[in-house]
Amino acid sequence: MDVPYESTGRRAQKSRTRSALVAAARALLAAGAPPTVEAAAAAARISRTTAYRYFANQRDLVAAAHPQIDFPSLLPADAPTDDPAARLDLVMVASTDLTLEWEPQLRASLRLSLEPAHDGDSRDGASRQTLLRQGRAIGWIEDALTPLRETRPDIDIHRLAVAIRSATGIESLIWLTDIAGLSRAEATELMRQSAQALLQAALHDRSAEAAQPPGA
């Protein structure tokens, strides 16, 4: 079995080289430049031959540059414990701020994840999809909706969180800004409103079902 290049000898130095290439890729993305392995190597003043030992292609490099956000929760310490709407809004403010902060990297990950595999690309479909699966947004939203587990056990919180995520992520930001022509401030405000609307729809629909007389 082949041993990964970074796992053999001079690991500290190799870790620094890898970090320099990733930082260069993120800087290129922020500047709107194509984050190719060659460009990142030039920006980091690392030879192309060396760079390709770390990243075989642009897809690998962009995957490494994808934000690794490991916060278990986006709620502040003083968040209300019994108000899902207020908790959800706090999470949406924080998560949309993160989306804006990492927008170039998230756009690149989305674009590459949608591209068909090229000849010679050894990655399978599952591994290509990891470019979009490194986020924590659904878990953050479920955390915000935790009070519903006791007050509204009839609501599928995971399903609701997925619905909210579908209307509030990088994909929605791109459509709202690039297609609908909204400013980023307008887009993020609309995403917050959409999150609240989906929550209220879930609360209303379940309440309406409960209010129906037997046999209705």
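Trainee: What should I know before reading any values?

Mentor: The model is predicted, so local features need pLDDT of at least 70 and side-chain atom pairs count only at pLDDT 80 or more, while totals for chains, interfaces and linings use all residues. Residues are numbered from 1 along each chain as its sequence is written, and side-chain values use heavy atoms, with hydrogens and water left out.

Trainee: How many helices and strands does the protein chain have?

Mentor: Helices (H or I, at least four residues) and strands (E, at least two) are DSSP runs, numbered from the N terminus. The protein chain has 12 helices and zero strands.

Trainee: What fraction of the protein chain counts as buried?

Mentor: Buried means under 20% relative accessible area, exposed over 50%, and partly exposed in between (1.4 Å probe, protein chains only). Of the 216 residues, 38% are buried.

Trainee: Which residues of H5 are buried?

Mentor: An α-helix has 3.6 residues a turn, so residues three or four places apart point the same way. In H5 the buried residues are Pro-84, Arg-87, Leu-88, Val-91, Met-92, Ser-95, Thr-96, Leu-98 and Thr-99. Seen down the axis of H5, they fall within an arc of 155° (taken from the directions from the helix axis to the C-beta atoms), so they line one face of the helix.

Trainee: Is Thr-99 buried or exposed, and what is it in contact with?

Mentor: Thr-99 has a relative accessible area of 11%, so Thr-99 is buried. Contact means heavy atoms within 4.5 Å. Leaving aside neighbours within four places in sequence, Thr-99 is in contact with Leu-106, Ile-170 and Leu-173.

Trainee: Which residues have the most contacts inside the largest nonpolar core?

Mentor: A nonpolar core is a set of buried Ala, Val, Leu, Ile, Met, Phe, Trp, Tyr and Cys residues joined through side-chain atoms within 4.5 Å. The largest has 21 residues, and Leu-88, Leu-145, Leu-148, Leu-160, Ile-164 and Leu-199 have the most contacts inside it. H5, helix H8 (137-144), helix H10 (157-166) and helix H12 (184-211) each give two or more residues to this core. A second, separate core of 19 residues includes Ala-41, Ala-51, Ala-64 and Ala-108.

Trainee: What does Leu-88 touch?

Mentor: Not counting residues up to four places away in sequence, Leu-88 touches Ile-141, Ala-144, Ile-164, Ala-195, Gln-196 and Leu-199.
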